[in-house]
Amino acid sequence: MPNKIKPPKVPRPSQPTRYGLESHWKAQHQDLYNGVKTALAALPDGFEPDISISGVDATDLFGLNSALGSAIERHVVETLNDMRSVWDPVSRYPTYSFVRYAQSFPDVRLIDRSGANSQPLMGIELKGWFALAKEKEPSFRFEATPLACAPQDLLVVVPWIFSNVLSGRPRLMTPFIEEARYAAEMRNYHWTWIRGDGGAESQVILSPHKTPYPQKTDASSDKASHDKGGNFGRVARADLLSEFTKTTLDEEAAGIPIKYWVQFLTAFTEQQSNLDKKMENLAKQAKHCCPVK
């Protein structure tokens, strides 16, 4: 019987930053880094999009995720720039702004609009998550190779729902914020050593790209050697977002935990069989979880 392959060490989870900022960058921009993370955490308080939805059938809500996702992410970037006093309180970076680069990695970059400096100061891979989506987890794919992530780059997942659950304006919830390079390392580790057994069929083919802020045409994504289901890159399945996902779905919307809204809406959008039984089971769960006061 062949010896089992011994996995490498799990990417280290040291705090406050797991990989640590490069010393010269940290010496100059640590306050900026901390301020950006503070602003990201406070996004729900300052988010006021000029989007409002009404008159949509409840069974059509799931389709709004892709339709509104891009617009919401654009508004998030605008809100982040409006919060300059949080991430640049003494105006050290007056010519810098966050700019969205669709289809690039990272898709939000802090750049010098004066053109004096061509290299982004830091980047954010921004992902929106419609918390009522029937997948019950963020479904985006994050495939960037670790070395395409600068140590100061972040992966940010912003959950949202409508202000009136089934209508109204998009309302942001507490975002997930993590170092992008650490997320990429954990994604690869999970694919090979937790989901897989370390063998040939669970290997990750690393991109040869070795520098941050790749061009759109650069091949900077890792790939799985075998991926029939097309699931490589779904970091929500790599335990990285597990606690965040659970906490988000446990939050209430109009007095009802979001996870029960998802179950209710899913029952009516999928094949409509045994609806009475599904509603009965849902009522039992709700009674057990949230007894009437």
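1. Arg195 lies over the face of Trp191, 3.8 Å from the ring centre. A second case involves Arg109 and Tyr101. Here the charged end of Arg109 sits over the Tyr101 ring, at 5.3 Å from its centre. Keep in mind that this is a predicted model.

2. Next, the aromatic pairs. The structure holds 10 of them. One is formed by Trp129 and Phe244: the centres are 5.8 Å apart, the planes make an angle of 55°, and the pair is tilted. That label follows because planes under 30 degrees apart count as stacked and those over 60 as edge-to-face, with the rest tilted. Trp129 belongs to strand S3 and Phe244 to helix H6 (residues 242–250), so this contact ties together parts that are 115 residues apart in sequence.

3. Ring pairs link Trp129, Phe176 and Phe244 into a cluster.

4. Now the open space. The largest pocket has a volume of about 720 Å³. Its lining comprises 31 residues, and those closest to the centre are Gln103, Asp107, Glu125, Lys127 and Arg141. Helix H3 (64–82) and strand S3 (122–130) each supply at least two lining residues. By class, the pocket lining has 11 nonpolar, 11 polar and nine charged residues.

5. How many cavities of 30 Å³ or more does a search of the whole structure find? The search finds one. The largest cavity holds about 40 Å³ of space. Its lining consists of Leu40, Val76, Val77, Leu80, Val108, Ile124 and Leu126. H3 and S3 are the elements that give two or more residues to this lining. H3 gives the most, with three residues.

6. On charge pairing, the whole structure has nine salt bridges. One of them joins the side chains of Glu73 and Arg100, with 3.0 Å from N to O. Glu73 sits in helix H3 and Arg100 in strand S1 (residues 96–100), so the bridge ties together parts that are 27 residues apart in sequence. Glu73 counts as buried because its relative accessibility is 14%, and the limit for buried is under 20%. Arg100 counts as partly exposed, at 29%.

7. The side chains of Lys246 and Asp250 meet at 2.9 Å, N to O. These residues are four apart in H6, so about one helical turn separates them. Lys246 is partly exposed, with a relative accessible area of 48%. Asp250 is partly exposed as well, at 29% relative accessibility.

8. Lys259 counts as partly exposed, with 28% relative accessibility. Elsewhere, salt bridges that share partners join Glu137, Arg234 and Arg237 into one network.

How values were computed
Residues numbered from 1 in each chain as written. Predicted model: local features only at pLDDT ≥ 70, side-chain atom pairs only at ≥ 80, totals over all residues. Heavy atoms only, no water. 1 Å grid on protein atoms, 1.4 Å probe; cavity = no way out; pocket = protein on both sides within 12 Å on 5 of 7 lines; lining within 4 Å. Points joined across faces, edges and corners; volume = space filled by probe spheres on them. Nonpolar A, V, L, I, M, F, W, Y, C, P; charged D, E, K, R; others polar. Phe/Tyr/Trp six-rings, centres within 6.5 Å; stacked < 30°, edge-to-face > 60°. Lys NZ or Arg CZ within 6 Å of the ring centre and 35° of its normal. Salt bridge = Lys/Arg side-chain N within 4 Å of Asp/Glu carboxyl O. Buried < 20%, exposed > 50% of the residue type's maximum accessible area, 1.4 Å probe, protein only.
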